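Here is a short briefing on one protein chain.

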Amino acid sequence: VTMISFFYIVCATCMKEILVLNRLQERLSGRGFQILGIAPHTAKQLRLFYPGDSLRNNISLAQLRTQAIQYEMLPECPPDNLTDTAPRCYTISRQLGVQAWPTAFVINRQGRIIMTKEGFPMRDNIEETLEELVKEMEGYLR
């Protein structure tokens, strides 16, 4: 079962979602579940955004909006002729009808989309949000 999360690196709601998705990935690791993040950016933009080892790599504090992403990330943009700050590619997201970020899809073992969520339903307590997602994903894993 795969969750595909379309996110944008300057989207505040997307940054909150990353924290929860990291923990969801941890909780369901080894049980036939994976998360894939796709962003309308280049690979270079994603590397600059990724805060792993950030202080030694001279990444600005403005880019430290979230913790390191613990799941696979893919860029939608090819590496040619794009600036470091202006993403312009929506090749995959538009094919799936993504209109807002974040948007998530859950794909079952047969390759069918079984759930779509636009936006991210964050509860006041991050643990409540995580537990709701764990229960929902466990249902798809059965």
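A nonpolar core is a set of buried Ala, Val, Leu, Ile, Met, Phe, Trp, Tyr and Cys residues joined through side-chain atoms within 4.5 Å. The model is predicted. In the largest such core there are 29 residues, and Met-3, Phe-7, Leu-24, Phe-33 and Met-137 touch the most other members.

**Core**

- Helix 1 (12–28), strand 2 (34–39), helix 2 (43–49), strand 4 (103–107) and helix 4 (126–141) each give this core at least two residues.
- Helix 1 supplies the largest share, with seven residues.
- Met-3 is one of the members that touch the most others.
- A second core is separate and has seven residues, among them Ile-4, Leu-36, Ile-38 and Phe-105.

**Fold and overall figures**

- The chain has four helices and five strands.
- Read from the N terminus, the order of elements is β-α-β-α-β-α-β-β-α.
- The chain has 142 residues, and 43% of them count as buried.
- Among contacts with a separation of 6 or more, 68% join residues 24 or more positions apart.
- The accessible surface is about 8000 Å², and carbon and sulfur atoms hold 49% of this area.

**Aromatic pairs**

- A pair of aromatic rings is described by the distance of the centres and the angle of the planes.
- The chain has three aromatic pairs.
- One of them is Phe-6 with Phe-105, an edge-to-face pair with 5.9 Å between centres and 85° between planes.
- This pair links distant parts of the chain, with Phe-6 in strand 1 (residues 2–6) and Phe-105 in strand 4, 99 residues apart.
- Are Phe-6 and Phe-105 buried or exposed? Both residues are buried.
- Why does the pair of Tyr-90 and Trp-101 count as tilted? The ring centres are 5.6 Å apart and the planes stand at 55°, so the pair is tilted.
- Tyr-90 sits in the loop between strand 3 (72–75) and helix 3 (91–95), while Trp-101 sits in the loop between helix 3 and strand 4. Eleven residues separate Tyr-90 and Trp-101.

**Around Tyr-90 and Trp-101**

- Tyr-8, Tyr-90 and Trp-101 make up one aromatic cluster.
- Tyr-90 counts as partly exposed because its relative accessibility is 24%.
- Which residue lies over the face of Tyr-90? Arg-94 does, at 4.6 Å from the ring centre.
- Most peptide bonds are trans. The bond that joins Trp-101 and Pro-102 is cis, with omega about -5°.
- Pro-102 lies in the loop between helix 3 and strand 4.

- Asn-22 belongs to helix 1.
- Asn-22 has 1% relative accessibility, so this residue counts as buried.
- What lies 2.7 Å from a polar atom of the Asn-22 side chain? The backbone nitrogen of Gln-70 does.

Technical notes
Residues are numbered from 1 along each chain as its sequence is written. This is a predicted model: local features need pLDDT of at least 70, side-chain atom pairs count only at pLDDT 80 or more; totals for chains, interfaces and linings use all residues. Side-chain values use heavy atoms; hydrogens and water are left out. Buried means under 20% relative accessible area, exposed over 50%, partly exposed in between (1.4 Å probe, protein chains only). Contact means heavy atoms within 4.5 Å. Accessible areas come from the Shrake-Rupley method with a 1.4 Å probe; for residues, only the protein chains shown count as cover. Rings of Phe, Tyr and Trp (its six-membered ring) pair if their centres lie within 6.5 Å; planes under 30 degrees apart count as stacked, over 60 as edge-to-face and the rest as tilted. A charge sits over a ring if NZ of Lys or CZ of Arg is within 6 Å of the ring centre and within 35 degrees of the ring normal. A polar contact is a pair of N or O atoms within 3.5 Å; within protein, one must be able to donate a hydrogen and the other to accept it, and residues adjacent in sequence count only if both atoms are side-chain atoms.
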